[in-house]
2 protein chains.
Amino acid sequence: MEEQKKIFIEKIGVKTENHGHSPLAGRIIGTLLLADPSYMTFEELCDYLSASKSSISTNLKLLMSESIAMVEYFTLPGDRKRYFRISVQGWQSHLDKIPDEFEYGNQLLTDIIQYRIENHLDENFTKELKEIVSFYRFIIAKLPLLKEEWEQLKLKNNI
Amino acid sequence: MEEQKKIFIEKIGVKTENHGHSPLAGRIIGTLLLADPSYMTFEELCDYLSASKSSISTNLKLLMSESIAMVEYFTLPGDRKRYFRISVQGWQSHLDKIPDEFEYGNQLLTDIIQYRIENHLDENFTKELKEIVSFYRFIIAKLPLLKEEWEQLKLKNNI
DNA sequence: CTTTTGGTTCGAAAATGTCAGAACTAAAAG
DNA sequence: CTTTTAGTTCTGACATTTTCGAACCAAAAG
């Protein structure tokens, strides 16, 4: 069982690594996703992952940074420890940022097209690029509407 | 102008690196996106990027691989050279694979939820995870429909 | 059959990333 | 004021990735 869990954590870790994080960062995410209770202290993370304080500190700092925001911590009165957990809100807001992500890549493609037009480069290829951009734009415009639609759906069914 | 172009290529390159490729792979993509004509020979790439034949070869191989398919080449009769270019089709099919990408991450989250239920872990957190998954599922289901909608739109307006 | 062209493949070197240990700090406890 | 706790920061070692140069190969040219 415990062994099973560790293998599972590694798997989650690899997935997270694919998104550009270090192996340890991935393991922290995996560990917190399977934790019970759903939060852990700094020390527990060190022990459980057999990692040094410095590595845990560095990686937690990264995972809690503004731009990533996958982990957060809370404190308890009269207790010096920090309790780290997955930030569900961070995860959600990460979802909300997907359109921006698309948008950035798309802006770059748009600039490329602009450059190609200004410099009279091979029009046929430019046109093909335009088509890709227009699809992206379409998706980007639709995503917030989907989110909206989902909120409505949730309101009707669940709560 | 030429200098401007190089800076631009680096910028495209960084964006591509963020998707998990090497700097040189990113530069190749950038170079081909701004190329005129829209294809280049192996030698031209080596010269333009001041990179070794081996590096260009390795990276082109990667970029042309089944799973990435961002670059392709064509040949001309009576000409031994290969002409490398951006694969618009590969790019398109990459777009088509976005739902699968989402799906994989989502499957992992689903497994995590399953584990948490089976082992009676902190239900509140499990419930929050469920909500994220259900939103993902919703999006995944909708994306192909959006693609469809876009195709229709294109048919009406353009061609 | 030899040379040239257009690459590929195989180590090794250089650049980067990851992690641990030790020294440090700020706040609380004694 | 000293000690302990809960981390942080810095430095260097180790691992991985990226790139290069040299040797190699297959096909075409001479």
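What follows is a short tour, going from the sheets to the helices and then to the DNA.

This is a predicted model, in which local features need pLDDT of at least 70, side-chain atom pairs count only at pLDDT 80 or more, and totals for chains, interfaces and linings use all residues. Residues are numbered from 1 along each chain as its sequence is written, chains are lettered from A and ligands numbered from 1 in the order in which they are written, and side-chain values use heavy atoms, with hydrogens and water left out. Helices (H or I, at least four residues) and strands (E, at least two) are DSSP runs, numbered from the N terminus.

**The sheet in chain A**

- Chain A has an open sheet of 3 strands in the order E1-E3-E2, with antiparallel pairing; two strands pair if DSSP finds at least two bridges between them.
- Strand E1 (39-41) and strand E2 (71-75) of chain A are the edge strands, each pairing on one side only.
- From one strand to the next, the twist averages 35 degrees; axes here are lines fitted to C-alpha atoms, for helices over the stretch in contact, and angles run from 0 to 180 degrees between N-to-C directions.
- Over 3 bridges, E1(A) pairs in the antiparallel sense with strand E3 (residues 82-86) of chain A.
- If you look along E3(A), you'll find Arg85(A) as the bridge partner of Tyr39(A).
- Helix H4 (residues 53-64) of chain A lies across E2 and E3 of chain A, at about 105 degrees to E2(A).

**The sheet in chain B**

- Chain B has an open sheet of 3 strands too, with the order E1-E3-E2 and antiparallel pairing.
- Its edge strands are E1 and strand E2 (71-75) of chain B, each with pairing on one side only.
- E2(B) and E3(B) run antiparallel and are joined by 5 bridges, and Phe74(B) stands opposite Tyr83(B) in E3(B).
- H4(B) packs on the sheet and touches E2 and E3 of chain B, with its direction making about 105 degrees with that of E2(B).
- H2(B) lies across E1, E2 and E3 of chain B and runs at about 90 degrees to E3(B).

**What's tucked away in the helices**

- Helix H2 (residues 23-33) of chain A is mostly covered, with 9 of its 11 residues buried; buried means under 20% relative accessible area, exposed over 50%, and partly exposed in between (1.4 Å probe, protein chains only).
- Among the buried residues of H2(A) are Leu24(A), Ile28(A), Ile29(A) and Leu32(A).
- In helix H3 (residues 42-49) of chain B, the buried residues include Leu45(B) and Tyr48(B).
- The cover over the buried residues of H3(B) includes helix H1 (2-17), H2, strand E1 (39-41), H4 and strand E3 (82-86) of chain B.
- Just after H3(B), Ser50(B) has a positive phi of about 45 degrees.
- Asn59(B) lies in helix H4 (residues 53-64) of chain B and is buried, with a relative accessible area of 12%.
- Beyond its neighbours within four places in sequence, Asn59(B) is in contact (heavy atoms within 4.5 Å) with Ser22(B), Leu24(B), Ala25(B) and Ile28(B).

**Around DNA strand C**

- There are 17 residues around DNA strand C, and Ser54(A), Ser55(A), Lys53(B), Ser57(B) and Arg80(B) come nearest; a residue is near a molecule or strand if one of its heavy atoms lies within 4 Å of it.
- Sugar and phosphate make up 60% of the atoms of DNA strand C that come within 4 Å of the protein.
- The side chain of Lys53(B) has an N or O atom 2.4 Å from a base nitrogen of DNA strand C; a polar contact is a pair of N or O atoms within 3.5 Å, and within protein, one must be able to donate a hydrogen and the other to accept it, while residues adjacent in sequence count only if both atoms are side-chain atoms.
- Ser57(B) places a polar side-chain atom 2.4 Å from a phosphate oxygen of DNA strand C.
- H4(B) gives the largest share of the surface near DNA strand C, 4 residues.

**Around DNA strand D**

- DNA strand D is surrounded by 18 residues, and Lys53(A), Ser57(A), Arg80(A), Ser54(B) and Ser55(B) are the closest.
- Lys53(A) has a polar side-chain atom 2.4 Å from a base nitrogen of DNA strand D.
- A polar side-chain atom of Arg80(B) lies 3.2 Å from a base nitrogen of DNA strand D.
- H4(A) supplies the largest share of the surface near DNA strand D, 4 residues.
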